[in-house]
Amino acid sequence: MIRRLAAFAALLLLTGCLVSDGDLISPGEADFPVEDGTRFTVYALDESGERADEPPEQATVTVKDGRYLMDMGEESKLFAGLMKEIGPELYAVMIREADQTDGNFYALMERDGTSWKRWGMVCPDFVSLVEEEGMALADFGMVVRNSDCVATDFEDLKKALLFAHERQKPDAEYVAD
């Protein structure tokens, strides 16, 4: 799992992500739809949104000091984050490595019972979607910096996540054990 996360992180560093310098979700505004102590089996999804032919991984989510902590297992890699509902069963996810104090990555999660699907936000893919619709990244209040799409406002982030949700397939599925 850690090897796959490291490879995914390396890919994201090369291709860019949806990021912000500061927190676009505050603990006071956050929603906590995942119960403290929830364990997930995590499946990678292919380009069509179906489970890829890879072994699933494990993750455990806890709540500490008003933030989620997600433990990815083998080397106890911890990620800290918050979630905010942006539509029925749709949540903006703000996450960073737990030992970091600033800068965040964003994704979209959709809940369906005990299953959650994730839309990872890769900047070049998002820019291509925007351009295919005859729009510009500025229409979402974002700029590209070091191959990342940088968001500065929660409402623009929400608009971008909902736009991607309508036009892309999810890249992972989290199933509560």
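## A buried methionine and its surroundings

M83 is buried, its relative accessible area being 7%. The model is a predicted one, and in it M83 is found in strand β5, which covers residues 78-87. Leaving aside neighbours within four places in sequence, M83 is in contact with I25, A30, D31, P33, V34, Y68, Y91, A92, V93, M109 and W116. Between the C-alpha atoms of M83 and Y106, which lie 23 residues apart along the chain, the separation is 9.7 Å.

The chain as a whole has three helices and eleven strands, and when read along the sequence these follow the pattern α-β-β-β-β-β-β-β-β-α-β-β-α-β. Of its 177 residues, 41% count as buried. Among contacts between residues at least 6 apart in sequence, 58% join residues at least 24 apart.

Which residues of helix α2 are buried? In this helix, made up of residues 123-132, they are C123, F126, L129 and V130. These residues cover an arc of only 125 degrees around the axis, and therefore they lie on the same side of α2. An α-helix has 3.6 residues a turn, so residues three or four places apart point the same way. On the other side of α2, E131 and E132 are exposed. Just after α2, G134 takes a positive phi of about 75 degrees.

Helix α3, residues 154-167, packs with α2 at an angle of about 80 degrees, and the two axes are 11 Å apart. Since angles of 65 to 115 degrees count as roughly perpendicular, α2 and α3 are therefore roughly perpendicular to each other. On the α2 side the contact involves F126, L129 and V130, which meet A160, F163, A164 and R167 in α3. By class, this contact of α2 with α3 has six nonpolar residues, no polar residues and one charged residue.

## The cysteines

The link of C123 and C149 is right-handed, with 80 degrees about the S-S bond. The count for the model comes to one disulfide.

A disulfide requires sulfur atoms within 2.5 Å.

## An exposed glycine in a loop

Is G113 buried or exposed? G113 is exposed, with a relative accessible area of 58%. This glycine is found in the loop between β7 (104-112) and β8 (115-120). The C-alpha atoms of G113 and E89 are separated by 9.5 Å, and the two residues are 24 residues apart along the chain.

Note on methods
Residues numbered from 1 in each chain as written. Predicted model: local features only at pLDDT ≥ 70, side-chain atom pairs only at ≥ 80, totals over all residues. Heavy atoms only, no water. Buried < 20%, exposed > 50% of the residue type's maximum accessible area, 1.4 Å probe, protein only. Helix = DSSP H or I, 4+ residues; strand = E, 2+ residues; numbered from the N terminus. Arc of directions from axis to C-beta. Axes fitted to C-alpha atoms, helices over the stretch in contact; angles between N-to-C directions. Parallel < 35°, antiparallel > 145°, perpendicular 65-115°, else oblique. Contact = heavy atoms within 4.5 Å. Nonpolar A, V, L, I, M, F, W, Y, C, P; charged D, E, K, R; others polar.
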